Amino acid sequence: MSKKRYLGLGALVLVFALIAAACGGGGGGGGTSAQGNAGNVKKGGTFRVATEDFGFTGAFDPTDEYLGEAWGMYTNMLVRTLLTYKHTAGPAGNVLVPDLATSVPQPTDGGKTYTFHLKNGIKFGPPVNREITSKDILYAFQRIACKTCGAEYGFYYSVIKGLKPGAMPGDPGKIKIPGIETPDDKTIVFHLTQPTGDFLYRLAMPATGPIPQEVAHCFTKAGDYGRYVISSGPYMIAGSDKLNIKNGCSGMKPISGYQPSKELDFVRNPNYDPSTDSPDVRANYVDGVTITIDTNTKDIWNKVQQNALDGEISHIQPDTLAQYQSNPDLKKNLHINSGDRTWYITMNLTQPPFDDIHVRKAMNYVIDKQALRKAWGGPASGDIATHIMPPTMTGGHPTAAEYDPYKTPNDQGDVQKAMAEMKQSKYDTNHDGKCDASVCKRVLFLNRGDNPTWTNMEPTVVADAKKIGINLVPRELATSAAYTTLQTVNKNIPISLVPGWGKDYPDPYTFVYTLFHSSSILCQGNVNYSLVGLTPSQAKECGVKGDISNVPSADKELDKCEPLTGDQRTQCWVAADKFIMEDIVPWVPYLWSSVIQATSDAVTNFDFDQFSGTWAYSKIAVDPSKQQ
Amino acid sequence: MGQTASDAIVAAEHGAVVEQEGVRGRSPWQLFWYRFRQDKLALTGLIIIVLLGVLAAIAPLISHGIVHHGPNQLFSNTMLTQGGIPKGPNGQFWFGADSAGRDLFVRVLYGTQTSLEVAVIATGFAVLIGTVIGLIAGYFGGAIDTLLSRTMDVVLSMPLLLFAIGIVAACSTTIQGCPIGPLHLTPGLPIVIFVIALFSWPYIGRIVRGNTLSLAQKEFVEAARSLGASNARIMFREIFPNLVAPILVYSSLIVPSNIIFEASLSYLGLGVPQSIPSWGRELSDASDWFTVAWWMLVFPGFFLVLTTLSFNLLGDGLRDALDPRTGR
């Protein structure tokens with residue numbers, strides 16, 4: 001479930017969220033759940049979590065790290081940023097609030113300049129123990145620009161004047177970024193090359209949090225700073241106070257509370273001043289958080305049930321989910337929240353028979369989405385997806401009920417409507433509603449072979465496609481190999497059940513722009529699997545075999561939205577979503593998956609962090625007397 | 001074959017009969033059959049294998065004529081709960097449903113076909129390759145023997161699962177699979193058979209080579225050579241018939257390991273695709289469900305154990321009957 005594994009993909013590409021086998025998931029209906037009553041919640045105790053594997057993509061170095069689980073730890077506990085979120089569930093958790101900054105600024109200079117003033121009294125944790133200044137934020141951006149530091153999502157900051165993410169050589173502390181000014185210790189100004197409506201969201205990502213140069217200058221290789229992260233938040237890595245920074249770089253030994261193959265422990269940061277924060281943003285009930293590695297999934301869930309652990313960062317197995325749902329004592333400890341994530345069947349616009357829009361529409365009608373969701377664990381696993389963006393991405397609209405261009409009874413597919421679409425296709429020469437062209441005889445269908453959720457969905461897709469005369473030939477690969485294959489354009493994969501997409505930050509840019517803009521097409525590591533907007537030169541360069549004359553583009557619709565802000569922006573993205581669903585039809589979206597979490601009886605307050613899709617650590621409270 | 005010696009044993013065992021009927025010559029095969037018949041366990045194994053073969057052959061008749069469910073027919077509305085949990089055995093679904101909502105009885109039945117196909121075809125290829133290469137290595141000796149024997153060592157030392165993963169990954173990205181000469185290797189049964197044959201022939205090859213080495217020194221081979229027989233004739237007409245017994249014994253013993261091998265590959269998702277029922281695949285699916293759907297584990301597991309056990313018993317029986325010098 002909540003194991004989001006992100007890969008940075010270089011250059012212009014935005015993000016691609018790879019969910020490991022572990023990301024199946026399932027919980028109910030995308031509802032949000034917060035339990036307990038904040039008024040009666042007691043402070044103290046330790047929140048104990050286990051995971052099969054940290055799965056960090058950047059060794060927990062905030063400059064690099066691209067894993068949602070790690071973002072949850074940073075934003076709740078360890079790294080404060082200019083702006084942040086309320087660390088709560090649902091659309092409320094996707095709203096920006098000031099954190100280091102005194103307020104959320106309005107842009108000036110036609111949307112190209114942002115000025116921030118920093119709050120007083122926010123200090124780095126031990127052993128640095130000094131007030132945080134604008135230079136420390138600048139240093140974080142210098143690390144994003146730094147060639148050796150390995151920033152995995154640096155491309156988001158290429159809109160800052162003179163910042164070339166991951167491409168500027170030399171000591172990061174000496175890198176000049178003309179687009180960032182620090183006129184005094186409490187002011188930082190960003191100048192952008194173009195109006196960027198979602199720039200503020202990018203300043204709430206952990207890579208932009210302050211980093212003390214006196215420690216981090218020793219760690220300028222990708223991931224190296226991960227074991228020396230100095231806190232700016234309410235908690236710090238246990239043992240941070242023992243870090244010796246007096247004897248230069250060679251005297252520093254990794255902070256003891258983080259052992260990459262064993263555990264990651266957090267304790268309160270003595271320098272944190274709650275008056276600089278808000279209990280709505282971080283309540284900080286527990287005294288500490290321990291995250292330990294336990295490779296046995298069943299063991300983790302058993303321990304949560306026995307109150308020997310208080311939570312898990314782990315994929316819930318179908319039988320465990322069934323057990324939770326049938327037992328009221330357990331069910332009250334199950335928390336199901338929207339994962340801001342869409343799962344879909346992707347169709348390649350250049351490959352027959354999917355180079356015909358009627359075939360793609362027919363596929364949207366014929367697929368039994370209810371049956372696919374059953375393979376995920378039924379309604380608990382999420383809402384049936386009817387279009388591209390999960391409703392939480394656009395402030396709760398449009399929901400599946402509001403916009404469902406390929407509506408079928410009970411989402412179980414409608415063969416008649418599908419055949420009516422197929423009849424209009426050039427591949428149905430006798431107009432009987434079934435593809436009769438030779439291209440439909442054997443169509444390669446790429447799937448994951450190492451995950452029961454995917455292999456259980458496979459027969460449904462194959463049987464449904466057959467109803468309109470398309471014979472899919474499944475090919476199963478392990479998840480990572482399947483992704484690599486799908487992302488290599490010259491493999492010309494016609495149709496695949498492999499991918500899902502999750503947000504990086506709660507703006508549709510990270511969804512639709514990244515996935516459907518022609519500029520996101522790369523020959524290797526491509527995430528625009530359908531090749532929407534493919535140009536003839538790209539086709540040639542990447543080795544596309546097939547007819548590209550009918551490949552539609554969404555560039556115009558997407559470019560329009562990016563400079564906008566506020567409600568105009570949201571409406572623009574919603575319109576782009578509709579355009580893609582009806583005029584391009586690259587996907588059969590089937591599930592907006594939820595994140596399923598279980599707590600022990602000892603957890604007296606639960607909240608979900610909508611931004612990072614994991615525990616709202618700063619809102620969790622425990623009752624130590626109930627812990628085993 | 002130590003014919004005289006074994007005749008003596010038989011005579012001693014059944015002295016009374018022999019005395020009454022007088023000493024009568026028996027062919028090696030008569031002797032084999034006589035000994036094999038005594039081995040009740042081996043006979044049981046044989047009978048079960050024959051029954052499984054019959055079941056595999058008439059699987060379509062049973063599935064369409066009696067239970068009226070196809071192996072890939074989906075019953076996700078009726079046989080899966082709202083939460084996607086499979087429902088257990090009932091009057092229509094004798095073994096319950098699997099996690100995709102298919103009839104597990106029909107899947108297990110068709111799984112017999114898959115297992116036996118893999119067992120017979122992959123073992124057949126392995127025996128063919130192993131016999132030819134073992135004969136050549138053992139008969140010619142010298143540099144040829146060194147080359148072929150070391151090849152066997154190399155194959156035996158290859159990490160077969162990694163190799164299988166590589167092949168499956170390489171051959172899964174195009175509709176044609178990957179070309180090997182005129183053949184196109186597509187994922188599913190062809191790759192499974194290819195991988196299994198590739199990794200099991202050296203076992204036969206070594207046995208055949210060893211036996212050939214000693215047989216090539218025997219008088220009858222020298223006699224044949226002095227009569228001007230060609231190498232090919234000596235190998236295949238003189239030596240080969242003497243190898244039939246060990247080959248038979250060892251192939252019956254690698255059959256069950258090949259069945260398990262197919263199940264393991266399918267368990268790891270490297271074997272046959274969803275559309276082809278396989279016990280290994282069903283067991284792999286069951287590993288996520290067994291606490292709420294025991295039938296998914298029990299039925300394919302039972303058939304897998306039954307089949308491999310039967311082949312093992314048969315193999316043991318064959319060995320005892322064909323080579324009485326190796327006592328139990």
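This is a predicted model: local features need pLDDT of at least 70, side-chain atom pairs count only at pLDDT 80 or more; totals for chains, interfaces and linings use all residues.

Q: Where is Asp464(A) found?
A: Asp464(A) sits in helix α11 of chain A, residues 452–467.

Q: Which side chain makes a polar contact with that of Asp464(A)?
A: The side chain of Lys467(A) does, at 2.9 Å.

Q: What does Asp464(A) touch, not counting residues up to four places away in sequence?
A: Val366(A), Ile367(A) and Asp368(A).

Q: Another helix. How many residues of α1 in chain A are buried?
A: 11 of its 11 residues are buried. The helix covers residues 68–78. Among the buried ones are Glu69(A), Trp71(A), Tyr74(A) and Asn76(A).

Q: Backbone next. Which peptide bond is cis with omega near 0 degrees?
A: The one from Pro126(A) to Pro127(A). Pro127(A) is placed in the loop between β6 (113–117) and α2 (134–145) of chain A.

Q: What joins His397(A) and Pro398(A)?
A: A cis peptide bond, with omega about -15 degrees. Pro398(A) lies in a loop of chain A between β15 (382–384) and α10 (415–423).

Q: Why flag those?
A: Most peptide bonds are trans, and most residues other than glycine have a negative phi.

Q: Is His87(A) buried or exposed?
A: Buried, with a relative accessible area of 0%.

Q: And what about the phi of Asn492(A)?
A: Asn492(A) has a positive phi of about 50 degrees and is not a glycine. Its loop runs between α12 (479–486) and β18 (495–496) of chain A. Asn492(A) has a relative accessible area of 9%. Buried means under 20%, so Asn492(A) counts as buried.

Q: Switching to Ser553(A). Where is it found?
A: In the loop between α14 (536–542) and α15 (555–561) of chain A. Ser553(A) counts as partly exposed, at 34% relative accessibility.

Q: Which backbone nitrogen lies 3.1 Å from a polar atom of the side chain of Ser553(A)?
A: That of Asp555(A).

Q: And what does Ser553(A) touch, leaving out residues up to four places away in sequence?
A: Val532(A), Gly533(A), Phe579(A) and Ile584(A).

Q: How far apart are Ser553(A) and Asp224(A)?
A: 41 Å in space, C-alpha to C-alpha. In sequence, Ser553(A) and Asp224(A) are 329 residues apart.

Q: Over to chain B. How many helices and strands are there?
A: Chain B has 14 helices and 2 strands. Its C-alpha atoms fill a box of roughly 75 × 55 × 30 Å along the principal axes.

Q: How many of the residues of chain B count as buried?
A: 48% of its 328 residues. Chain B exposes about 15400 Å², and carbon and sulfur atoms supply 67% of that.

Q: What about contacts in chain B between residues at least 6 apart in sequence?
A: Of those, 70% join residues at least 24 apart.

Q: How far apart are the mean positions of the positive and negative charges of chain B?
A: 3 Å, for 19 positive and 20 negative charges.

Q: Where is the place of Ser278(B)?
A: In the loop between α12 (231–267) and α13 (279–286) of chain B. Ser278(B) is buried, at 1% relative accessible area. Its side chain makes a polar contact of 2.9 Å with that of Glu262(B). Beyond four places in sequence, Ser278(B) is in contact with residues including Gly111(B), Thr114(B) and Val272(B).

Q: Last topic, the interface. How many residues of chain B are in contact with chain A?
A: 31 residues of chain B, with 29 residues of chain A. The two chains bury about 2600 Å² between them, 54% of it on carbon and sulfur atoms.

Q: Which residues in chain B lose the most area to chain A?
A: Thr173(B), Ile175(B) and Asp288(B), together 25% of what that side buries.

How values were computed:
Residues are numbered from 1 along each chain as its sequence is written. Chains are lettered from A and ligands numbered from 1 in the order in which they are written. Side-chain values use heavy atoms; hydrogens and water are left out. Helices (H or I, at least four residues) and strands (E, at least two) are DSSP runs, numbered from the N terminus. Buried means under 20% relative accessible area, exposed over 50%, partly exposed in between (1.4 Å probe, protein chains only). Contact means heavy atoms within 4.5 Å. Accessible areas come from the Shrake-Rupley method with a 1.4 Å probe; for residues, only the protein chains shown count as cover. Lys and Arg count as positive and Asp and Glu as negative; His and the chain ends are not counted. The place of a charge is taken as NZ of Lys, CZ of Arg, CG of Asp or CD of Glu. A polar contact is a pair of N or O atoms within 3.5 Å; within protein, one must be able to donate a hydrogen and the other to accept it, and residues adjacent in sequence count only if both atoms are side-chain atoms. Buried area is the accessible area (1.4 Å probe) that two parts lose on being put together, summed over both.
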